[in-house]
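Okay, thanks everyone, let's get going.

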Amino acid sequence: DLAKMRGLGVKVLSRKAMWADDSIAFATVIDAVEEHLRAAKRELGKAFAASPEVEAALSGTLASASAATLESMLYIEDNILSAPDLTDPPEPLFKAMTVGVEAQFGLMEQALQVLESQLQARVDSLNASRLSLLGVLAVLLGAVAMVGVMIARAIAVPMGRAVRVADAIAQ
């Protein structure tokens, strides 16, 4: 939404006039940016509460992305919405807004990296557990096989003796 705001600001500064529908569009986009910023802080706050590692990795990036977003919104406020005239070229606005957009993308990229590393750690842990379980199952299978052999021998040896005795008596 910050990129939409950037595009809208460039459009307004390029034509050097703001129309009524531009004011509505700015209000809508500003509300969306503010809501997304609140939602990102809320959801990352939950992640921070659940994992100190996530907080350590992302809290600084969240703070700088939030600050860059707010600075971008203030730039729009000062140079378009509250400006007495729209004579500024669009390039400075584009550059200033791009800082906020890139900060948001940086936060998303870093959050994905942190989540990916946590997911990989969980996968590795589950794989290690699976291998341990397979080892335990192999040992149990071996033990069951040994018990089976011992039972078979316990039956077969006396039966073999009985057969030999019966053969000896029969002769």
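So, helix α1, residues 2-15, and helix α3, residues 52-81: their axes come within 11 Å and cross at roughly 20°. Keep in mind this is a predicted model. With the cut-off for roughly parallel at under 35 degrees, α1 and α3 therefore count as roughly parallel to each other. And the handedness? The α1 and α3 crossing is left-handed.

Which residues do the touching? On the α1 side you've got Leu2, Met5, Gly9, Val12 and Leu13, and they meet Thr69, Ser72, Met73, Ile76, Asn79 and Ile80 of α3. Sort that α1 and α3 contact by class and you get 7 nonpolar residues, 4 polar ones and no charged ones.

Okay, now the other partner. Helix α2 covers residues 20-50, and α1 packs on α2 at about 155°, with the axes 9 Å apart. The crossing of α1 with α2 is left-handed.

Here's who is involved. From α1 it's Leu2, Lys4, Met5, Leu8, Gly9, Lys11, Val12 and Arg15, and from α2 it's Asp22, Ala25, Phe26, Val29, Ile30 and Val33. How many charged residues sit in this contact of α1 with α2? There are 4, along with 9 nonpolar and 1 polar.

One last thing to look at on screen: Leu2, Met5, Gly9 and Val12 of α1 are among the residues that meet α3, and those four also turn up in the contact with α2.

Note on methods. Residues are numbered from 1 along each chain as its sequence is written. This is a predicted model: local features need pLDDT of at least 70, side-chain atom pairs count only at pLDDT 80 or more; totals for chains, interfaces and linings use all residues. Side-chain values use heavy atoms; hydrogens and water are left out. Axes are lines fitted to C-alpha atoms, for helices over the stretch in contact, and angles run from 0 to 180 degrees between N-to-C directions. Helices (H or I, at least four residues) and strands (E, at least two) are DSSP runs, numbered from the N terminus. Angles under 35 degrees count as roughly parallel, over 145 as roughly antiparallel, 65 to 115 as roughly perpendicular and the rest as oblique. A crossing is left-handed if the near helix is turned anticlockwise from the far one by less than a right angle, and right-handed if clockwise. Contact means heavy atoms within 4.5 Å. Ala, Val, Leu, Ile, Met, Phe, Trp, Tyr, Cys and Pro count as nonpolar, Asp, Glu, Lys and Arg as charged, and the others, Gly among them, as polar.
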